[in-house]
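Grab a pencil and work through these exercises on pockets, a cavity and a helix pair. Try each task before you read its solution.

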Amino acid sequence: MQVTHPTIARWLRFAIAACVVGLAAGAAGALLVLILHAVQHAAYGYAHGTFLAGAEAAPAWRRVAAATAAGVVAGAGWWALHRYGRPRVAIRQALNMARPRMPAVTTTVHALLQVVTIGLGSPLGREIAPRELAALLATGITRRTRLGPSQSRVLVACAAGAGLAAVYDVPLGGTLFTLEVLLGTWALRAVVPAALTAALATLVARVAVPDAPAYRLPELPFSGSLLLWAFLAGPLVGASAYGFSRLMAAMSARAPRGNALLWTAPAAFLCLGLLAVPFPQLLGNGKSPAEVAFTAEPSLALAAVLLLLRTAVVALCLRSGAYGGLLTPSFASGALLGIVVGRLWELLWPGTTLGAYALVAAGAFLAVSQRMPLTAIVLALEFTGTPQDGALPLLLSVAGACASAALLRRAARRTRTAPGARPTGP
């Protein structure tokens, strides 16, 4: 097939645009991470160390005040955005357009509100903000480079994946997120720009994001006991993650968008602050309880209490009208569930490090709750810097979890379509 000069020029513009999108996504991710850390340090009064250490060292009144401030910002901010801003366009909505477009002011304010409230203690995830801001920048870049509709959609999706890669330092995970979740294709025309933008974004964001795994795990020996546990526990983890995702979807669907936001969000976050007095691990996007699960070897009772309270406060904040992601909250819930089930398994077959149970369950929980099995496996490995021999128990657990979740989804569909059935939640 003869390649014409217009074809070469079109693909050259696409390559240049992909590079610019990757750089822009990395800059956006780095900026949001810097804002997040500045808010955390100011709110909880610490200068060095992890957010968990800072929250634990903060006096009780400061935890309550910071969390309540998050509720005030959330309530007033999203109330004003719903009332005065243009309608928000989510990334998936933009990708369904002939030419993706997102309202600049609404998208930027929406992202900043998420980052500020999470910095103040919101238990929701921070990954949506960089994805949306990067996708917004990509829509402008594709318009100015006069790319066609198909190429524009690919680069907007790549930008979202690159934003995820930037804030978590997970270039491979960001690439797979673009391909598996947003585009649903493994075509070369998507794989190359997805990998390129994620790599560039990760490199740029390292001015603010450490070039190191998000979680520092001790050495994890992977044994026959763990493999059998992963096989048996996978379906249980999958059922729990399915219930978690259904609950959170229902809470989001019922969240207020009008004047009620002005009191529901402050009230919900006040409850979070009061619970954080005895349990500071509840504050933040979920990294703190995941750190506890991976490194502190918590007791069965503490892991169970944190799992229940984390689920409750995430649901409560979504129901109050706050926004945020569920990636890190899902990962943390899976890690805590892994500790609970792993502690029980120890009674039958001791000897496996608790962090290994947490890792395997966290990956499986994330795979089901976010419906991205391949991406979840890679993210679990990249988040923790786990060597490749950790992939086998992860694969077993993810396979069992996805199978049980698929059966539950099929049963739910049959229930909804049965004659005389009443409508149910999402």
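**Exercise 1.** Sort the lining of the largest pocket by residue class.

*Solution.* Start with the classes: Ala, Val, Leu, Ile, Met, Phe, Trp, Tyr, Cys and Pro count as nonpolar, Asp, Glu, Lys and Arg as charged, and the others, Gly among them, as polar. The lining then splits into 18 nonpolar, eight polar and eleven charged residues. Keep in mind that this is a predicted model, where local features need pLDDT of at least 70, side-chain atom pairs count only at pLDDT 80 or more, and totals for chains, interfaces and linings use all residues. Residues are numbered from 1 along each chain as its sequence is written, and side-chain values use heavy atoms, with hydrogens and water left out.

Next, the space itself. A pocket is an open set of points on a 1 Å grid over the protein atoms alone, with protein on both sides within 12 Å along at least five of seven lines, and lining residues have an atom within 4 Å of a point; a cavity is a set where a 1.4 Å probe fits but cannot get out. Volume is the space filled by probe spheres set on the points, which are joined across faces, edges and corners. For the largest pocket that comes to about 1200 Å³. Of its 37 lining residues, Arg92, Ile128, Arg131, Leu326 and Gln370 are the closest to the centre.

**Exercise 2.** Describe the largest cavity and its lining.

*Solution.* First, count: there's one cavity of 30 Å³ or more. About 40 Å³ of space lies inside the largest cavity. Now list the lining: Leu32, Val33, Leu36, Val115, Arg126, Pro130 and Val167. Sorted by class, that's six nonpolar, no polar and one charged. The top contributor is α1, with three residues.

**Exercise 3.** Work out how α16 and α17 cross and which residues meet.

*Solution.* Begin with the axes, lines fitted to C-alpha atoms over the stretch in contact, with angles from 0 to 180 degrees between N-to-C directions. Those of α16 (residues 373-384) and α17 (residues 391-417) come within 10 Å and cross at roughly 145 degrees. Then look for contacts (heavy atoms within 4.5 Å). On the α16 side you'll find Pro373, Ile377, Ala380 and Leu381, meeting Ala391, Leu394, Leu395, Val398 and Cys402 in α17. Finally, sort them: nine nonpolar, no polar and no charged.

Terms used: Helix = DSSP H or I, 4+ residues; strand = E, 2+ residues; numbered from the N terminus.
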